[in-house]
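Reader: I've got a structure to go through and a few things I'd like to ask about it. Can you walk me through them once it's up?

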Amino acid sequence: MCGLLAACGGGKQTVRRTPPPAQPTRAWPHVDPDNPQAANAVLMRAFSLVGTPYRYGGNTPEGGFDCSGLVNYVYRDMLALNLPRTSRDLAGYQGPRIDPLRLAAGDLVFFGSAGSVTHVGIYVGEGRFVHAPSSGGTVRLDRLDGPYWRDHYSGAKRILR
């Protein structure tokens, strides 16, 4: 008996931790935009800018973009619509707040913490958005269900009508 206990207790033991379960992906219903032509123009322009370098204060494809610079450039270039410059001012811009399950292509999605908006992107559908995320990065497509974005989502606004 002592031999069996000694055999079980000897040697190095490795404890394997199981990874946390993946967060379920939300089903994002398709919602037709109020102005499909304008939404399509915004989306095509935003997609064309994926890969453009991030630059704080940037607002052109040649110089790079920050998040609100990207939004401003796309809406001004495609629709001649001048929007507020900062993500916080964009969040306060006229237009109804949108429930996440009522998002339509072209809506603006906002992120932050402690009641402060610090980031904005353009919703493209199926739970995805285009944005200029951070220093050293590029304009890219991400999912609202991603761990960081899900935890920092603070609302959405409908700009197109």
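Reader: Is Arg 85 buried, exposed or partly exposed?
Author: This is a predicted model, so keep that in mind throughout. Buried means under 20% relative accessible area and exposed means over 50%. Arg 85 comes in at 30%, so the label is partly exposed.

Reader: Which residue does the side chain of Arg 85 meet in a salt bridge?
Author: The N to O distance for this pair is 3.1 Å, and a salt bridge needs the two atoms within 4 Å. The pair links distant parts of the chain, 19 residues apart, with Arg 85 in the loop between α3 and α4 and the other residue in the loop between β2 and α3. The partner is Asp 66.

Reader: And how many residues apart are Asp 107 and Arg 158?
Author: Their side chains meet in a salt bridge at 2.8 Å, N to O. Asp 107 is buried at 2%, and Arg 158 counts as buried at 13%. Asp 107 sits in the loop between α4 and β3, while Arg 158 is in the segment after β7, which puts them 51 residues apart.

Reader: What about Asp 151, buried or exposed?
Author: Asp 151 forms a salt bridge with Arg 150, the closest N and O atoms being 3.6 Å apart. Arg 150 is partly exposed at 28%. The cut-off for exposed is over 50%. Asp 151 has 54% relative accessibility, so the answer is exposed.

Conventions:
Residues numbered from 1 in each chain as written. Predicted model: local features only at pLDDT ≥ 70, side-chain atom pairs only at ≥ 80, totals over all residues. Heavy atoms only, no water. Helix = DSSP H or I, 4+ residues; strand = E, 2+ residues; numbered from the N terminus. Buried < 20%, exposed > 50% of the residue type's maximum accessible area, 1.4 Å probe, protein only.
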